[in-house]
Amino acid sequence: MGGDPHPSDGGCIFAEDPAIAAPEARLLWHADLDPATLQVVAVPGDRTDPDHVDPVALAPWLTLVADLAGGEHAVLSDGRHHVRIDVAEGSIASGDPVVLHYHLHGIASAEPRLLSLRRLIDLVRHRRFSARLFPADPRIDRWLLALRVHDALAAGASHREIAIELYGAERVGSGWQGEAESLRLRVRRLARDARALASGGYRALMRR
């Protein structure tokens, strides 16, 4: 449990050390960027109560930070899946059992939070993240390509050099004719997407 409780310009509650590999990094996105964030009130509970949550049992996945006003922001994550929780009242920091009261309202705004609630309940019951509740997002492969292209552009690579790295020198050939023309256009689109994401577009990814 830790991190910088001061909000950063990137949209996170705290900024993770960039030297940490992505599967080990824990980012707590602001609730206005992550519409699936659960808003809860934590009431002291008892282990005999079937509704209780034991923060100690969730410790392998739990990262918790407090803001300057005393509010608690948590993420449960194994590096590939996550459930975000904001504790509006009460506390889960002590590790004592609590009963969580969930703030849900409306139709559209409730939908992503209901999915997060199902994920949390499943994690509490089975002590693992259910693949069934975290279906693969078909957009991820393109985002990863855009990230690679962004890194290559930042390192000074040309579009042709990027195409060779992504698709191979044989397909690119000596110029941008034939099949290579479609690769040139593909790299141009990836470069456009990479710049848009790096300029702040990444903040909208979780809202889609």
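From the N terminus onwards, the elements of the protein follow the order β-β-β-β-β-α-α-α-α-α, and the protein thus contains five strands and five helices, where helices (H or I, at least four residues) and strands (E, at least two) are DSSP runs numbered from the N terminus. The structure is a predicted model, in which local features need pLDDT of at least 70 and side-chain atom pairs count only at pLDDT 80 or more, whereas totals for chains, interfaces and linings use all residues. Residues are numbered from 1 along each chain as its sequence is written, and side-chain values use heavy atoms, with hydrogens and water left out.

The C-alpha atoms of the protein occupy a box of roughly 70 × 35 × 30 Å along the principal axes. Among contacts with a separation of 6 or more, 57% join residues 24 or more positions apart, contact being defined as heavy atoms within 4.5 Å.

Helix α1 spans residues 110-126 and, with 17 residues, reaches 24 Å from its first C-alpha to its last, close to the 24 Å expected at 1.5 Å a residue, where the expected span is 1.5 Å times one less than the number of residues. Within α1, the buried residues are Ala110, Arg113, Ser116, Leu117, Arg119, Leu120, Asp122 and Leu123, and the buried residues of this helix pack against β1 (38-44), β3 (72-77), β4 (82-89) and β5 (98-103). Ala36 itself is placed in the segment before β1 and counts as buried at 17% relative accessibility. Although Ala36 and Ile85 are 49 residues apart in sequence, their C-alpha atoms are 8.8 Å apart in space.

Just after α1, Arg127 takes a positive phi of about 60°. Most residues other than glycine have a negative phi. Arg127 is placed in the loop between α1 and α2 and is partly exposed, with a relative accessible area of 38%.

In the loop between β3 and β4 lies His81, which is buried with a relative accessible area of 18%. Leaving aside neighbours within four places in sequence, His81 is in contact with Leu76, Phe129 and Phe134.

Helix α2 (residues 140-154) includes Ala152, which touches Ala157 and Ile162 when residues up to four places away in sequence are not counted. The C-alpha atoms of Ala152 and Ile162, which are 10 residues apart along the chain, are separated by 6.8 Å.

Terms used: Buried means under 20% relative accessible area, exposed over 50%, partly exposed in between (1.4 Å probe, protein chains only).
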